[in-house]
Amino acid sequence: MTDPAPGPRASPEYLHEIVAPSSDVDDLGHVSNVAIVRWVQEAALAHSAAVGWDFEAYLELGAVFVIRRIEIDYLRPAFAGDRIHLTTWVEGWKGASSVRRTRIVRGSDGLELARAKVQWAMVDLATGRPRRIPPEMGVAFAVDPYSVAGPRRAP
């Protein structure tokens with residue numbers, strides 16, 4: 001099970017909000033587990049873009065993050081039309097790996113629906129091999145993504 005209250009964090013929290021679309025509902029009448037995995041990835045991408053590391057920046061770097069391992073605890077179902085709050089943060093960096101946590105909460109009642117722990121690996125686009133995470137990325141993520149004057153990636 002993923003720990004709901006992990007230790008120190010390498011980044012402040014980032015809030016990504018969505019409304020669960022009916023297209024994410026499965027035959028059981030609730031949002032499918034596959035959609036939850038996609039939401040976790042979308043929250044990570046939004047957080048990255050918010051601190052200056054959008055897809056174009058990764059292409060310029062010549063490396064991208066890929067999911068190496070994912071653990072999700074599904075606690076309660078989500079339904080079409082639910083306002084969903086995904087709170088995500090980077091727990092830590094080491095070499096070519098990063099661990100990110102995400103908490104998924106229904107906005108209307110504040111109930112936690114799921115929590116995820118994802119291990120990401122930075123991979124060189126040319127070689128397909130692991131690549132060290134550059135120090136400037138850690139600096140960018142360490143700043144509050146909601147601050148107006150947060151650091152951005154150097155051009």
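**Figure 1. Strands S1 and S3 of the predicted model pair in the antiparallel sense**. Six bridges join S1 to S3. Within this pairing, Val19 stands opposite Arg83 in S3. The whole chain has three helices and five strands. Read from the N terminus, its elements follow the order β-α-α-β-β-β-β-α.

**Figure 2. S3 and S4 form a hairpin**. The two strands run antiparallel and are joined by ten bridges. One of the facing pairs is Val90 with its bridge partner in S4, Arg100.

**Figure 3. S4 and S5 make another hairpin**. Nine bridges hold S4 and S5 in an antiparallel pairing. Arg100, the bridge partner of Val90, also stands opposite Val118 in S5. Five residues lie between the strands of the S4 and S5 hairpin. Gly110 in this hairpin takes a positive phi near 70 degrees.

**Figure 4. Strand S5 is largely enclosed by the rest of the structure**. Eleven of its 13 residues are buried, and therefore the strand counts as largely enclosed. S5 pairs with S4 over nine bridges and with S2 over eleven bridges. Both pairings are antiparallel. Over the chain as a whole, buried residues make up 44% of the 155 residues.

**Figure 5. Asp24 and Arg38 meet in a salt bridge**. The distance from N to O is 2.6 Å. The pair links distant parts of the chain, 14 residues apart: Asp24 is in the loop between strand S1 (14–19) and helix H1 (33–50), and Arg38 is in helix H1. Which of the two residues is buried, and which is partly exposed? Asp24 is buried, because its relative accessible area of 6% is under the cut-off of 20%. Arg38, at 34% relative accessibility, counts as partly exposed.

**Figure 6. Asp82 forms a salt bridge with Arg106**. The closest N and O atoms of the pair are 3.1 Å apart. Asp82 lies in the loop between strand S2 (63–74) and strand S3 (83–94), and Arg106 lies in strand S4 (residues 97–106), so the bridge ties together parts that are 24 residues apart in sequence. Asp82 counts as buried at 14% relative accessibility. Arg106 counts as buried at 10%. Taking the chain's contacts with a separation of 6 or more, 71% are between residues 24 or more positions apart.

**Figure 7. Glu112 and Arg115 are joined by a salt bridge between their side chains**. The N to O distance is 2.9 Å. Glu112 is buried, with a relative accessible area of 11%. Arg115 counts as buried at 11% relative accessibility. Elsewhere, salt bridges that share partners join Asp24, Arg38 and Glu42 into one network. A search of the whole structure finds ten salt bridges.

**Figure 8. Helix H3 (residues 135–142) has its buried residues on the same side**. These residues are Met137, Gly138, Ala140 and Phe141. They cover an arc of only 160 degrees around the axis, which means that they lie on the same side of H3. An α-helix has 3.6 residues a turn, so residues three or four places apart point the same way. What do the buried residues of H3 pack against? Their partners are H1, helix H2 (55–61), S2, S3, S4 and strand S5 (112–124).

**Figure 9. Three residues form a nonpolar patch on the surface**. The patch consists of Phe55, Leu59 and Leu125. Together they have about 310 Å² of accessible area. Leu59 is found in helix H2. At 44% relative accessibility, Leu59 counts as partly exposed. The chain exposes about 8,300 Å², and carbon and sulfur atoms supply 55% of it.

Methods: Residues are numbered from 1 along each chain as its sequence is written. This is a predicted model: local features need pLDDT of at least 70, side-chain atom pairs count only at pLDDT 80 or more; totals for chains, interfaces and linings use all residues. Side-chain values use heavy atoms; hydrogens and water are left out. A salt bridge is a side-chain nitrogen of Lys or Arg within 4 Å of a carboxyl oxygen of Asp or Glu. Helices (H or I, at least four residues) and strands (E, at least two) are DSSP runs, numbered from the N terminus. Buried means under 20% relative accessible area, exposed over 50%, partly exposed in between (1.4 Å probe, protein chains only). The arc is that of the directions from the helix axis to the C-beta atoms. Contact means heavy atoms within 4.5 Å. Patches are made of residues with over 30% relative accessible area and no salt bridge: like charges are joined within 9 Å, nonpolar side chains (Val, Leu, Ile, Met, Phe, Trp, Tyr) within 5 Å. Accessible areas come from the Shrake-Rupley method with a 1.4 Å probe; for residues, only the protein chains shown count as cover. Two strands pair if DSSP finds at least two bridges between them.
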